[in-house]
Amino acid sequence: MVAHDDDPCRAPQPLGGWSTKIVTVPQALVVPATVADMVQPMGVFDAEGAYVHEGVLWRGRRLMVEPEPRPEPVAELPGRWIWGGVLLNHFGHFLVESTPRLWALDALKGAVDGFVFTVKRETIEVEGELKLQPFQRLFFDLLGIDVPIRILAQPTRVECLEVPGQGFGLGAIAAGTEPFRAFFQSRFARDIAPQGAEKLYISRSALGASRGGVLGEDRIEAALAAAGYEIFHPQKHSLEAQIAHYKAARQVVALDGSALHMVAMVGRTDQQVAMIRRRVSDVSDSIVTHLTAFTGRAPLVIDVIEQDWVRSDRKRADRHSVGQLDLPALGRALVAGGFLPDGTEIPAMSEADIQAGVHLFEDALSGKLRFEPLARGARRELPEADGGARRRKDKSGTKPGKEGKLKGEERRAARMARQADKTERREKRAAARPEG
């Protein structure tokens with residue numbers, strides 16, 4: 001009987017199992033995605049046509065499912081390559097979900113020709129070849145990765161593919177496996193010296209409405225600035241400068257978000273970190289897990305959310321949401337945690353202030369989108385027409401569900417989408433059953 005930790009059809013675990021092993025796949029077939037969706041038909045097949053489950057990306061559940069039917073290869077890639085997984089363009093998801101297999105570079109014996117990745121959505125293309133985004137290239141450079149990186153855009157037969165387990169990610173695996181943590185600790189940003197203020201507030205106030213945030217962040221900034229904090233906008237600085245600031249800071253305060261994943265990667269035990277939840281979401285739990293495991297010290301987590309303001313095209317609070325916080329309670333929590341001096345207060349927002357703040361976020365949105373209040377943890381149904389518009393990119397006049405009117409690649413993509421939906425429903429049913 002296969003132990004759960006060793007079963008690649010189960011989520012990767014930080015303490016061991018398949019997440020710490022490497023599977024060698026001769027004559028592997030790498031199949032990129034053909035549809036842009038949360039769960040995508042894509043992945044790796046072995047020479048006999050069996051799906052290699054060790055190559056799947058997990059985010060609490062599988063984000064990759066077996067493509068049906070399996071396509072034939074249209075390209076060949078000689079040599080020995082490491083499966084890197086999926087390259088994501090969102091900075092935070094890139095940090096935690098495009099890096100989990102890099103540890104194999106130090107674990108494998110013998111020479112390798114490089115890493116192979118696929119992409120979830122569009123990326124840079126130069127003369128017909130997919131290229132890394134500049135921030136991706138820089139991040140790999142800071143890890144000392146000096147082997148080639150190939151991004152595959154079509155089904156490709158790879159002479160020898162080394163498939164490492166997923167050593168990092170979102171969920172329980174955010175703690176990272178020992179090989180993954182060792183890889184980052186020995187390699188990442190070794191030559192960047194600390195430089196910056198001892199007290200740092202990582203702000204989201206200049207990111208814009210599409211990135212989400214909180215109402216009244218200017219009041220939080222004012223209280224922290226008066227206590228000697230540097231108000232730091234990471235997107236205005238180079239990646240090297242961000243790392244230098246995070247290394248230098250003795251105290252860090254931030255809303256939950258991608259920047260704290262970077263803090264975790266270069267942080268240390270003698271740092272104090274306070275994370276202010278800005279949305280009701282499990283994603284912030286992974287940030288806490290990451291910080292605790294990598295720095296050796298749990299952050300102070302402050303949850304004073306009174307209300308989530310959710311974009312009208314979203315079902316629940318997410319990275320686009322705007323949080324309405326109990327600002328006086330936030331001030332008291334920061335004082336109690338030693339991040340602000342005694343007597344510091346953050347003034348509350350009036351109802352007029354709240355509405356004005358929401359309107360400021362809405363003014364930056366395109367079209368008819370707006371922000372609507374949603375109770376903590378609630379999920380709402382959207383009109384089918386709106387939901388369909390987000391999920392499909394059908395040609396004008398094509399009726400959803402009428403597969404007979406689709407041709408060629410469109411028909412194959414429709415089948416893949418249905419298969420992904422079936423797999424997701426099956427996984428939810430399995431997750432609801434007790435383990436045994």
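Predicted model: local features only at pLDDT ≥ 70, side-chain atom pairs only at ≥ 80, totals over all residues.
Reader: How are the rings of Phe361 and Phe371 placed?
Author: Their centres are 6.1 Å apart and their planes stand at 85 degrees, so this is an edge-to-face pair. Phe361 belongs to helix H10 and Phe371 to strand E19. They are 10 residues apart, and the pair links distant parts of the chain.

Reader: How many aromatic pairs are there?
Author: The count is 17. One of them joins Phe168 and Phe180. That pair is stacked, with 4.7 Å centre to centre and 20 degrees between the planes.

Reader: Where do Phe168 and Phe180 lie?
Author: Phe168 is in the loop between strand E10 and helix H4, while Phe180 is in helix H4 itself, so the pair ties together parts 12 residues apart in sequence. Both residues are buried.

Reader: New topic. Which residues touch the most others in the largest nonpolar core?
Author: Phe115, Phe139, Phe140, Phe188, Ile243 and Tyr246, out of 55 residues. Helix H7, residues 258-266, gives this core its largest share, 7 residues.

Reader: Which residues are in the second core?
Author: That separate core has 26 residues, including Phe45, Trp81, Leu88 and Val116.

Reader: What sits over the ring of Phe45?
Author: The charged end of Arg70, 5.6 Å from the ring centre.

Reader: Back to Phe115. What is it in contact with?
Author: Beyond its neighbours within four places in sequence, the contacts of Phe115 include Trp81, Leu105, Ile145 and Arg150.

Terms used
Residues numbered from 1 in each chain as written. Heavy atoms only, no water. Core = buried A, V, L, I, M, F, W, Y, C linked by side-chain atoms within 4.5 Å. Buried < 20%, exposed > 50% of the residue type's maximum accessible area, 1.4 Å probe, protein only. Helix = DSSP H or I, 4+ residues; strand = E, 2+ residues; numbered from the N terminus. Contact = heavy atoms within 4.5 Å. Phe/Tyr/Trp six-rings, centres within 6.5 Å; stacked < 30°, edge-to-face > 60°. Lys NZ or Arg CZ within 6 Å of the ring centre and 35° of its normal.
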